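Subject: Structure handover

Hello,

Here is the structure I promised to pass on. Please open it and keep it beside this note.

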Amino acid sequence: MALAYLKELDENSRIALWKIEESEEELVSFLQLDDRERAKLRSLAKGKRSLHWLATRVLLRYLLQTPDYINCPSDGNGKPYLPDFPYEISLTHSYDYAGVMLSLKGRCGIDLEIVKEKVVRIKNKFLKPDELGFIKPEDEIDQLYACWCAKEAVYKLQGNKGVSFLEDMRILPFNYHPQGTMRLWLQKDGEQTPFRVFYERFNEYMLGYVTEGE
């Protein structure tokens with residue numbers, strides 16, 4: 001396992017990606033799992049699902065720099081949290097990578113996706129017609145993934161099920177670059193909240209991340 005990417009966003013927030021190269025047994029050897037976590041691991045399908053789950057926990061241990069047990073449960077909506085540390089966290093994974101985001105200044109969200117042409121077939125399911133209107137043909141696949149990662153990152157930040165990418169989020173027009181930002185509005189419970197979402201191309205992946213108050 002190797003640290004593939006580490007970025008200090010500011011004095012309060014950072015993100016990291018690991019390339020997963022170990023077996024399940026090797027990853028387990030880096031951790032201190034309690035009975036609940038071992039049951040969770042047994043419930044996961046062998047292969048990528050269990051490797052992703054383990055790798056995010058190993059990366060979390062690396063970032064927190066502690067040899068002690070790290071309690072990382074999930075709330076009723078499936079959002080992970082750290083009851084024994086002051087950080088808000090968000091986890092992601094895609095194919096050969098796992099990612100973690102830590103923030104001291106509020107809720108956060110991160111998403112990593114491998115870039116594939118299939119996103120074109122589902123673009124109408126997560127972008128409104130006016131959002132599709134600013135997608136440039138020459139950047140279509142990358143820009144669509146940047147939009148998906150942005151909405152997924154905000155979805156993870158807000159932490160509640162039932163929020164629709166299509167109906168409850170709107171991205172303002174932006175020009176795609178391999179690294180950039182976009183503005184996204186979340187409509188929830190009659191209120192609209194703006195977010196500044198960062199995105200960047202990482203090898204054959206797209207990465208999106210956001211912190212509260214940006």
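Predicted model: local features only at pLDDT ≥ 70, side-chain atom pairs only at ≥ 80, totals over all residues.

Residues are numbered from 1 along each chain as its sequence is written, and side-chain values use heavy atoms, with hydrogens and water left out.

**The open sheet**

Four strands make an open sheet, ordered S1-S2-S4-S3. The pairing is antiparallel. Strands (E, at least two residues) and helices (H or I, at least four) are DSSP runs, numbered from the N terminus. Two strands pair if DSSP finds at least two bridges between them. Strand S1 (2–8) and S3 are the edge strands, each pairing on one side only. On average, neighbouring strands are turned by 15 degrees against each other, direction ignored. Strand S2 (residues 13–19) and strand S4 (residues 97–103) are joined by seven bridges. Arg 14 has Leu 102 in S4 as its bridge partner.

H3 lies across S1, S2, S3 and S4. Its angle to S4 is about 40 degrees. Contact here means heavy atoms within 4.5 Å. Axes are lines fitted to C-alpha atoms, for helices over the stretch in contact, and angles run from 0 to 180 degrees between N-to-C directions.

**The hairpin**

S7 and strand S8 (residues 191–202) pair antiparallel over 10 bridges. They form a hairpin with two residues between them. In the turn, Asp 189 has a positive phi of about 55 degrees. Leu 186 has Thr 193 in S8 as its bridge partner. Strand S7 (residues 179–188) is also joined to strand S6 (residues 169–171), by three bridges. There, Ile 171 is partnered with Leu 184.

**Aromatic pairs**

The count comes to 11 aromatic pairs. Rings of Phe, Tyr and Trp (its six-membered ring) pair if their centres lie within 6.5 Å; planes under 30 degrees apart count as stacked, over 60 as edge-to-face and the rest as tilted. Phe 126 and Trp 148 form an edge-to-face pair, 5.0 Å centre to centre, with 90 degrees between the planes. This pair links distant parts of the chain, 22 residues apart. Phe 126 sits in helix H4 (residues 123–126), Trp 148 in helix H6.

Best wishes
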